[in-house]
Amino acid sequence: MTQQVRDFSLPNVAVGPTPFSLSDLPADVSFAVLFFQRDHYCTNCRKQVQQLGERIDEFHERDAEIISIVPEPLGRVEAWQESYDLPYPLLADPNTEAGDAYDQPVRFGILGRFSDFFGRMPEVVVVDRRGAAPEIAYVHKGSSTFDRPDINEILAEIDAFRTDA
């Protein structure tokens, strides 16, 4: 799978620089794993960010960095960090700049843009940074708030990329 990687610069409320940009990741990060969340109120998203925090070492062992992106204003994303103390970048994307750049699914078109009930669906994108230019290696576009890959599945995908090189 080859798709263009789009850089972005967003406020970061957790670990790492702010603003955060993919291009600013250290050279030893081989994979950037982007978790596009649904919204501030999504209980599945809240569970996922906590589970990712508990398993951060498994990603780091694979030279991978987790980046979670929430399509909400800075204050709402800061509330997540205050509640969960996440050990990876947690970005506010109030204008859906990154979500739009990576085609984060939105249900019910224009209605979905104005309603949290219908709106954005979760998405996971793995960016392979090992080559001369970063490439999108894996994408999972959720069709519902529950449709997100298991963490073990994502780790297995990264393992497969590492053995293919």
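Let's start with Asp 159, which counts as partly exposed because its relative accessibility is 28% (buried means under 20% relative accessible area, exposed over 50% and partly exposed in between, with a 1.4 Å probe and protein chains only). This is a predicted model, in which local features need pLDDT of at least 70 and side-chain atom pairs count only at pLDDT 80 or more, while totals for chains, interfaces and linings use all residues. Residues are numbered from 1 along each chain as its sequence is written, and side-chain values use heavy atoms, with hydrogens and water left out.

What does Asp 159 form with Arg 62? The two are joined by a salt bridge, with 2.7 Å between the closest N and O atoms (a side-chain nitrogen of Lys or Arg within 4 Å of a carboxyl oxygen of Asp or Glu). The pair links distant parts of the chain, 97 residues apart: Arg 62 is in the loop between helix H2 (56-60) and strand E4 (64-70), and Asp 159 is in helix H6 (residues 151-164). Helices (H or I, at least four residues) and strands (E, at least two) are DSSP runs, numbered from the N terminus. Arg 62 is buried because its relative accessible area is 15%, whereas Asp 159 is partly exposed.

How many salt bridges does a search of the whole structure find? The search finds six, and one of them joins the side chains of Asp 100 and Arg 120, at 2.6 Å from N to O. Asp 100 is partly exposed because its relative accessibility is 37%, while Arg 120, at 9% relative accessible area, is buried.

Lys 141 and Glu 123 also form a salt bridge, with their closest N and O atoms 2.9 Å apart. Is Glu 123 buried or exposed? With a relative accessible area of 1%, Glu 123 is buried, whereas Lys 141 is partly exposed at 40%.

## The sheet and its helices

Now look at the strands. Five of them form an open sheet in the order E5-E4-E3-E6-E7, with mixed pairing (two strands pair if DSSP finds at least two bridges between them). At the edges are strand E5 (90-92) and E7, each of which pairs on one side only. From one strand to the next, the twist averages 20°. Strands of a sheet pair through backbone hydrogen bonds, either parallel or antiparallel. E3 and E6 pair in the antiparallel sense, over six bridges, and Phe 31 has Asp 128 in E6 as its bridge partner.

H3 lies across E4 and E5 and runs at about 160° to E5. H6 packs on the sheet, touching E3, E4, E6 and E7, and its direction makes about 155° with that of E3. Axes are lines fitted to C-alpha atoms, for helices over the stretch in contact, and angles run from 0 to 180 degrees between N-to-C directions. Ala 79 lies in helix H3 (residues 74-84) and is partly exposed because its relative accessible area is 26%. The C-alpha atoms of Ala 79 and Val 13 are separated by 9.3 Å, although the two residues are 66 apart along the chain.

## Aromatic rings

The structure holds four aromatic pairs. One of them is Phe 36 with Tyr 102, a tilted pair with 5.7 Å from centre to centre and 35° between the planes (ring centres of Phe, Tyr or Trp, its six-membered ring, within 6.5 Å; planes under 30 degrees apart are stacked, over 60 edge-to-face, the rest tilted). Phe 36, in strand E3 (residues 31-36), and Tyr 102, in the loop between helix H4 (97-101) and helix H5 (109-114), are 66 residues apart. Both Phe 36 and Tyr 102 are buried, and together with Phe 8 they form one aromatic cluster.

## Next along the chain: Gln 37

Gln 37 lies in the loop between E3 and helix H1 (43-54). Gln 37 is buried because its relative accessible area is 0%. Leaving aside neighbours within four places in sequence, Gln 37 is in contact with residues including Cys 45, Trp 80, Gln 104 and Arg 148 (heavy atoms within 4.5 Å).
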